[in-house]
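This report describes selected local features of a protein model, beginning with the surroundings of one residue. The sequence and structure are shown first.

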Amino acid sequence: MATTVRRAVLTLPAAPLGPPNPLPALRPLDEVHTLDERVRTDLPRDMARQIGYQPLETVLPVRILDGYGRERTPTDLDTLVLENSRLRVTVLPGLGGRIRSLFHKPTGRELLYVNPVLQPADFALNGAWFSGGIEWNIGATGHTTLSCAPVHAAVVPAPDGGEMLRLWEWERLRDLPFQVDLWLPEDSDFLYVGVRVRNPHERTAPVYWWSNIAVEEDERTRVVAPADRAWLPHCLKGVGGTPIGYERTLRQVPVPEWDGADRTYPLRGEHPADYFYEVPDGARRWIASLDAAGQGLVQTSTDLLRGRKLFLWGSGRGGRRWQEWLTEPGTTGYAEIQAGLARTQLEHVPLEAGAEFAWLEAYGPLAAAPDLVHGEDWSAARGEVAERLEAVLPRERVEEAYAAWRPYADTEPTESLATGSGWGALEVLRGSLKLPGTPFAESTLGEEQAPWLELLHAGALPEPRRVVPPGPTLVAPHWRDMLETAPASPLTEYHLGVAQWHAGDRAQAVRSWERGLPLAPSRWPLLRCLAVADRLAGNADRAASLYAEAFDDLCEERRDGEQWVAATAALGREAMRALLGAGRVGDARAVWDRLRPPTRARGAFRLLEAQILLAEGDLAGARAVFDAGFEVADLREGAEILGEVWARITDEPLPGRYDYRMRPSLR
C-alpha cells in the first residue's frame, strides 16, 4: 500500500487535565540540576560549559498544570495515523505530538510501550505529563511543557513523492519554533523523523532536546548502546548523610557491569537511575531495547544527535509504585531509551542567532542473535546489534535520507490536520518573522493572546471587562520593554513585576507590585506575588501575613466558575503551607475552613489536613487521614513528603500505597 496520513479517534480511560493554575510560576524549579563547581573541573570541557549554560530558573511564561485528578472516564482522543504496508504510526496531536504507537505489521509486534490509560502526573516542567510512546522534549532539563498541550499538524509532501506528517509549535521557555516531520517511505520498516529547531532572534539561545522512547521491560529486556562507559548522576551527601537538595554530581561508571549488577537490564537495579552513555566520537549513534529472543526496537540518527540514555525505574517498591501510579496495576512496566543533543540532560547547547539545528532519526524493528545479545561478552552484544542494524538500515542510507529531507523542511503544508496554540502567531507578528514550512496563522490567535496583541498595537494593556483572575504574563525582553513603557495601571504593574522577576530583577519586581496595590481593584494577585518574594527571601512571618491577606481578598471577590475554583485551590494551598511554616496553625486552619468541600476532598488537601492536625497536636486525627486513604494526584516525581509526614505520626513502616521513594535512604 502507498503511505497514507489520516485522522482517527482513540477512546481511552482518561483523567481530565482540568484548568491551568492561574498563579504565575514564580518559585524556582525544584529540579534545576546544579553541579558542584569542583565536580565540573573534572568533566570534559564542552560538558562543563554546557551544564553551566543558562539553566532554567522558572517555567514562566508557561502556566502550571495541576488541576487533574485520578478519576478516569472513557474519553475520545483525536489521533493522526501514518501508515504504509509495514508500519502503522499513531500520533496524539493534542498531547505534544506524542507517538503513542509504532506497530510493525509483518511481525504483529508493538515496538513501544503503549499506556492503556491517559493519567496525568507531575513529571513535566510545568506539571502534567503521561507515560508511554515517543515524546519530543524541548526547552530545558526535564519533560517538556508541551507534554499535554496541542501542537500544529499538517500534511506535507515527502521526499519520495508521498505524504509526510509535520508537527510544529512555538516553544515558550526559550522562544524557539521547532518542527518534527514524520516520514514513512513506501514499504519501509523504518520511520524517519526529521527534526529542526530554529533561532529567529538576534541573540544566541540555549537549546535542549531529548527524544524519549518508552519500551516494555521484563526480566530479560536488555538495552544495548555503542558504549562501554556511562555518566551516572547521583545526589551529593551533606552532614550526617543528608542529601543536599537537588544538587548532583556526575561519575563515570563502566557498562554493563557496575556495583555488582549488569545495569543494561532495567530490572536488575533496585532504584530509579539515569545512565548517559559515552558514545565515542565518530561511532554511529544508536540505542536498542531487545527482549529474550533478541527482538525489539532500535533508534538511530545522524551524528548531531549525539547523546544516548537509559532511564530505569528499577525493581524496588518505590519504582514499582510509580509505574502503577502512571498507568494501572497489572500492566507491563517500562523503561526509557533516549537520544539527545548533548551527552547528558544537564546540558543546554548554544544555538547562534539566525541558525538552526537539524537532524534525522530512524525508528524500527531489529532482530539479533539472542545468545550474543544476552551473552556475557558486552563487546559481542554491541557488535551483533551494530552489525544487524547496518544490514537492515546502513548508516549511509540514514545520511542519504537526511539529505533528501532537508529541501522539504521549508515546504509549506498542504492540508491542516490539527491546530496548536496562538503564541507562535503572536511572536511572528511581533517580530515580522519569516519561518517557511511552519506557518503560525493569525487565525490561531485567541483570548489569551488578545491583551498582548493590543499592547503590541496600541501600547497599553486593556482593562478586563469582567472580574477574572489575571491571564498569563509574557516575560521575554521585548514584551518586558513594552510593559515598561505602557501606562502604569495596576494590571500592567502586576504583569511587569512578573516579567522583571523572570529577568532576575527581584527588587524591581517587588517595587512594581507594591506600586500596583493602592489602586488595584483585585489586590490578591499582587499580594500573592509579594508573599512569594518574602518567603523566598526568608521573611517567613511577613510572607504568611501577606498570604493570609491575599486569601481573604480572594474569598471576598471570587465568583462561580472553574477559573475561580482553580485560583482558590492554588492560593489556599500555598497559603496553608506558608502559614504552617511560620507556625501560624490557627490561620492555616482558617484557610482550610474556607475551602469548598470538593477542594478539601482532593488528595493534596487531605495531606494538608493531616499536616494541620499534626501541628495542632492531634496525632490520632492525622493518622486517621492516612488510614482513610487519599491520593495526591500531582505528587511530584521524587517527592518524599508522604513518608516525611508519616514518620511524624508513627514509627511504623510506610504503607505501600504511600511509598514513592526513588532512592535509598542516605541516613
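## Surroundings of alanine 339

Leaving aside neighbours within four places in sequence, alanine 339 is in contact (heavy atoms within 4.5 Å) with Trp209, Trp210, Ser211, Gln299, Leu305, Gly307 and Arg308. The model is predicted: local features need pLDDT of at least 70 and side-chain atom pairs count only at pLDDT 80 or more, whereas totals for chains, interfaces and linings use all residues. Residues are numbered from 1 along each chain as its sequence is written, and side-chain values use heavy atoms, with hydrogens and water left out.

Alanine 339 belongs to strand 24, residues 334-340; strands (E, at least two residues) and helices (H or I, at least four) are DSSP runs numbered from the N terminus. Its relative accessibility is 0%, so alanine 339 counts as buried. Buried means under 20% relative accessible area, exposed over 50% and partly exposed in between, for a 1.4 Å probe and protein chains only. Between the C-alpha atoms of alanine 339 and tryptophan 359, which are 20 residues apart along the chain, the separation is 12 Å.

## Aromatic pairs and cluster

The structure holds 22 aromatic pairs. Rings of Phe, Tyr and Trp (its six-membered ring) pair if their centres lie within 6.5 Å; planes under 30 degrees apart count as stacked, over 60 as edge-to-face and the rest as tilted. Tyrosine 113 and tyrosine 334 form a stacked pair, because their ring centres are 5.0 Å apart and their planes are at 20°. Tyrosine 113 lies in the loop between strand 5 (109-110) and strand 6 (121-124) and tyrosine 334 in strand 24, so the pair ties together parts 221 residues apart in sequence. Tyrosine 113 counts as buried at 2% relative accessibility, as does tyrosine 334 at 1%.

One aromatic cluster is formed by Phe123, Trp129, Phe311, Trp313, Trp322, Trp325 and Tyr660.

## Charges over rings

The charged end of arginine 70 sits over the ring of tryptophan 325, 3.6 Å from its centre. The criterion is NZ of Lys or CZ of Arg within 6 Å of the ring centre and within 35 degrees of the ring normal. Arginine 172 likewise has its charged end over the ring of tryptophan 423, at 3.9 Å from the centre.

## Helix 15

In helix 15 (residues 585-594), the buried residues are Val585, Ala588, Arg589, Val591 and Trp592. They cover an arc of only 155° around the axis, and therefore lie on the same side of helix 15; the arc is that of the directions from the helix axis to the C-beta atoms.

The exposed residues Gly586 and Asp593 are carried by the face of helix 15 turned away from its buried side. The cover over the buried residues of helix 15 includes helix 13 (540-557), helix 14 (562-581), helix 16 (597-600) and helix 17 (603-615).
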